Amino acid sequence: MTPMAGDRYSVEPSLRALLADLRISVPRVLRRAGLPADLFARPPIELAPAEYFALWDAVEMEVAASPDGGKRNLAVEIGQTISAELFSPPLFAALCCPNLAVAAPRLAQHKPLIGPLRLEVATDDGVTVHCRWPLEPAPPQLLALSELLFWVALTRIATRAPVRPTRVEVVEPLVPAQRAEIERFVGARVRTTGRYAVSFSRVDAHRPFLTESKAMWSALAPDLRRRLHELDASATAAQRVRAVLVESVPAGDSSIETVCQRLRTSPRTLQRQLHAEDTTFLAVLARTREDLARHYLAEGVLPTVEIAYLLGYSDTTAFHRAFRSWTGTTPERVRARSA
């Protein structure tokens with residue numbers, strides 16, 4: 001499942017307890033984020049992606065404005081403060097697993113319930129978790145770093161062992177002091193690779209979780225399945241098509257047949273649903289390609305020829321022509337404005 005514009009995500013009430021443990025004023029954070037002062041007093045707490053990011057930006061700004069803000073590494077403090085009592089049902093579902101190799105895919109499935117984040121998990125040689133925020137502005141660095149350190153903390157809590165990841169990857173270089181402190185916490189080097197990811201060895205991936213509980217998972221699973229179903233059901237046909245295309249277009253397949261296979265529907269039914277929403281498959285495909293193109297250009301990592309290839313164009317000329325039809329300008333000008 002891919003986060004989309006218009007979606008809303010739950011904020012666990014335990015975040016208030018985490019902020020209190022970190023000596024951060026919740027009222028001032030909410031005020032900085034432009035969110036209601038009684039946000040945590042009226043669950044369920046649901047935020048749009050922009051509001052979700054604003055909340056984390058506000059946490060970072062509040063600490064930076066404090067007298068000791070320059071001395072604090074908030075991402076590390078969060079990693080050190082995380083405890084089982086702060087976990088939400090999707091996170092408890094991970095703790096109920098026999099090991100990280102099982103927990104990571106399970107949590108990836110349920111993560112959309114608690115934030116605009118997509119997790120890509122590879123388990124062929126140990127476990128690698130790649131954190132992505134598709135089609136959204138770049139996430140606050142604090143949020144991204146905290147997500148990586150969360151995986152280290154989760155594994156240590158569940159195994160009661162001083163697990164060290166084999167690799168930690170970040171998008172942008174960290175200042176030396178911050179980098180050094182994070183490396184001390186995780187026990188591994190932090191590498192700048194253009195993505196947020198954390199990897200664990202095969203031994204640690206299969207290290208038994210002492211928190212494993214089949215009974216607890218049986219109790220949690222029905223509610224989590226219901227919430228995922230409600231999240232899917234609330235999306236429009238265009239949003240569901242877009243979610244599939246965000247994954248399939250860069251993989252080289254933007255056909256309606258592939259989309260229908262993923263959505264378990266027929267082309268005729270899908271076209272009828274899209275027509276009822278005053279759009280078409282080709283229109284959703286074009287908009288998705290445009291958004292992906294803008295996303296890649298804003299990241300500033302890929303050359304134009306590679307972006308054209310990822311979007312399914314045989315050459316840059318065809319991509320330039322399509323991009324101008326969408327935006328009235330060129331990829332190079334959009335890239336320059338994003339720099």
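**Surface and salt bridges in a predicted chain**

The accessible surface of the chain is about 16500 Å², with 53% of it on carbon and sulfur atoms (Shrake-Rupley method, 1.4 Å probe; for residues, only the protein chains shown count as cover). This is a predicted model: local features need pLDDT of at least 70, side-chain atom pairs count only at pLDDT 80 or more, and totals for chains, interfaces and linings use all residues. Residues are numbered from 1 along each chain as its sequence is written, and side-chain values use heavy atoms, with hydrogens and water left out.

Q: What share of the 339 residues is buried?
A: Buried means under 20% relative accessible area, exposed over 50%, partly exposed in between (1.4 Å probe, protein chains only). Here buried residues make up 50% of the chain.

Q: How many salt bridges are there?
A: Side chains of opposite charge can pair when their charged atoms come close. The rule asks for a side-chain nitrogen of Lys or Arg within 4 Å of a carboxyl oxygen of Asp or Glu. The count is 15.

Q: Which parts does the pair E62 and R32 tie together?
A: Their closest N and O atoms are 2.6 Å apart. E62 lies in helix α3 (residues 49–64) and R32 in helix α2 (residues 26–33), so the bridge links parts 30 residues apart in sequence. Helices are DSSP runs (H or I, at least four residues), numbered from the N terminus. E62 is buried at 9%; R32 is partly exposed at 41%.

Q: Where do R287 and D291 lie?
A: Both are in helix α14 (residues 281–299), 4 residues apart, about one turn. R287 is partly exposed at 48%, and D291 is buried at 15%.

Conventions. Helix = DSSP H or I, 4+ residues; strand = E, 2+ residues; numbered from the N terminus.
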